Amino acid sequence: MMPEPAGAAVASEFHPRSRSGCRWMVRLAVGFVILLRLYFYSDANILRPSSPRSGPTASHHFDEEKCAAAVNTVVDSFLRDNADVVMVQDVRLAVQLAMDPALRGDIVEVSLSEIGSTCVQQWTPSLLIAVAQRAAIASPFCPGSRGATTHTRAVWLAFQDDYCVDTVRKMFQGHSLHVTDNPHVSRGLFSLDVPVYLVLGALQQTLPDLPVEDVSFLRIADHSTFDHHNESQLRRERDALIALFSMYRRVQIGGFVSLDGIWDSDEVKEFLTDAELDKQNVTSALSLSSIFFKKGNTQIRIPPKFRKDVITKSVDPRVLEAWTILDGWHRETVRKFFGHVGTNPFQTYRYIEALHHIVKKKARLSGSTGAVTVNVCETGFNGGHSAMLFLAFLDEGNVNVNYWGWDLKQVGSASPIANKMTGMYGDNFHIVWGDSKETLKDARELMGQDRCDFIVVDGDHSKQGVISDLGNFLKVALPGAVVFGDDCAPYKRTVPKSEEMLQGWMEFVEKGQIVSVANYRNPDLPSPGFVEGLVPPGIAI
């Protein structure tokens with residue numbers, strides 16, 4: 001059930017038996033919506049930026065009152081034509097995003113189904129956000145203006161079918177916004193405007209590699225009007241979870257999420273079980289199937305059914321083939337190792353997805369069609385499963401993968417499997433034996449000019465072990481490097497010291513040396529979950 005638009009809600013309040021009414025009634029409704037908007041915006045918590053501006057933009061004058069007036073004027077004009085399809089929450093959000101320089105990230109809207117929907121009603125909220133953002137860019141008094149460091153947000157609209165594509169394109173172009181079908185067109189070409197990217201195709205193919213780093217507002221919506229029989233209900237839940245797994249981790253803490261028409265799914269609710277939605281006073285249940293909330297933490301739970309039905313079947317066959325080779329080596333030599341990444345299909349899937357994302361990002365930034373080199377750095381070689389996962393992509397699609405491992409050589413399989421991998425991968429495989437608290441100190445000398453793009457901390461399972469490995473890895477990490485900490489997201493069942501391992505990880509998060517992306521929990525698996533983060537600019541030495 002869709003929540004009523006702001007105009008309709010106001011009209012029904014004055015005339016409960018008719019939502020259309022006379023022309024004067026519609027005008028009265030629009031005026032009332034505008035008054036409501038002005039009332040809500042007077043709340044300093046809604047309008048005021050999250051934090052003061054700093055750095056190169058500090059000299060630019062930000063006049064909150066004049067910026068609000070500039071944005072409100074444009075929003076008022078927009079509402080006069082669209083009040084019947086815009087909710088009050090959409091208006092509030094559009095203004096906050098336009099005026100808040102601290103909340104980084106793009107706008108992402110994902111449509112699960114459009115057949116039978118009203119295209120204009122569905123996509124108008126994103127259009128309003130884009131129009132408000134452009135108004136802030138045009139005003140010399142706003143933090144995102146041309147006179148300040150660019151604060152432009154791109155808008156990404158993901159379609160699974162082409163039912164609304166042409167209509168939406170005309171809607172945005174009608175407001176003189178730049179619209180492109182190519183997700184890899186540099187936003188630098190639109191630095192003085194709000195670029196709008198139309199993404200068409202199956203979500204599992206389009207969303208994981210979408211070149212979006214940060215998200216300030218994520219909306220996942222199902223606007224189909226037909227009854228959901230069993231087959232379509234399962235497909236809807238699957239697509240909703242694919243969208244959540246691909247995009248939710250990119251939503252900034254303090255960013256906003258709208259789940260429209262899918263909140264009645266048990267699996268979607270299970271995904272957000274640890275998000276503490278009921279403890280956030282900004283959360284609002286719009287209907288039984290829709291909810292709007294502010295992201296407060298990085299907790300993500302992996303629903304077992306989704307992991308079994310979708311994730312397990314999505315593991316790249318090259319990795320499975322590599323593990324078959326590895327299994328043969330174990331039978332030939334020694335089969336002694338601790339648990340490995342292959343026992344958690346989602347962790348396997350996420351490693352592969354992150355590697356793909358790094359490859360595409362490096363290719364995009366270099367602007368070259370030559371080989372892309374990815375350096376994977378890991379403590380805890382163990383039985384070689386994660387190393388084989390990464391090296392499975394060597395030379396595939398012009399990709400060069402270098403694996404750098406540090407290990408105690410404590411398990412029986414470590415040395416013989418390392419010898420096998422040296423024979424197969426040559427100079428793309430590097431292993432250092434010994435305590436990483438000492439050996440990792442020499443990583444810079446060992447790696448020469450190479451730096452880590454992908455980091456896995458899976459060595460000494462103690463707080464001090466995590467602190468030591470992360471501290472040393474940061475000295476050889478590239479800004480933007482993806483970092484994973486294994487067994488660092490305990491949930492009921494734990495390995496020894498997993499709680500303190502998480503404490504070690506959080507020390508870097510709290511100091512701003514690691515940006516926390518997600519804590520993936522595995523409540524139904526015997527092992528703890530894992531954590532994911534990024535190395536921010538200026539941290540790597």
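**Helix packing and sheet architecture**

In this predicted model, helix H4 passes helix H5 in a right-handed crossing. The contact draws on Glu 64, Cys 67, Ala 68, Val 71, Asn 72, Val 75 and Leu 79 from H4, which meet Val 91, Val 95, Ala 98 and Met 99 from H5. Sorted by class, the residues through which H4 touches H5 comprise nine nonpolar, one polar and one charged. Two packed helices are described by the angle between their axes and the distance between the axes. For H4 (residues 64-82) and H5 (residues 88-99), the axes come within 10 Å and cross at roughly 140°, and H4 is therefore oblique to H5.

A further element of the model is an open sheet of eight strands with mixed pairing, in which the strand order is S9-S15-S16-S14-S13-S10-S11-S12. Its edges are formed by strand S9 (299-301) and strand S12 (429-433), each of which pairs on one side only. Neighbouring strands of this sheet are turned against each other by 15° on average, with direction ignored.

Within the sheet, strand S13 (residues 452-457) and strand S14 (residues 477-489) run parallel and are joined by five bridges; Val 456 has Phe 484 in S14 as its bridge partner. Helix H18 (residues 463-473) packs on the sheet, where it touches strand S10 (372-379), strand S11 (399-407), S13 and S14, and its direction makes about 175° with that of S13. Helix H19 (residues 498-510), in turn, lies across S14, strand S15 (515-521) and strand S16 (529-534), and runs at about 155° to S14.

Terms used: Residues numbered from 1 in each chain as written. Predicted model: local features only at pLDDT ≥ 70, side-chain atom pairs only at ≥ 80, totals over all residues. Heavy atoms only, no water. Pairing = 2+ DSSP bridges. Helix = DSSP H or I, 4+ residues; strand = E, 2+ residues; numbered from the N terminus. Axes fitted to C-alpha atoms, helices over the stretch in contact; angles between N-to-C directions. Contact = heavy atoms within 4.5 Å. Parallel < 35°, antiparallel > 145°, perpendicular 65-115°, else oblique. Left-handed = near helix turned anticlockwise from the far one by under 90°. Nonpolar A, V, L, I, M, F, W, Y, C, P; charged D, E, K, R; others polar.
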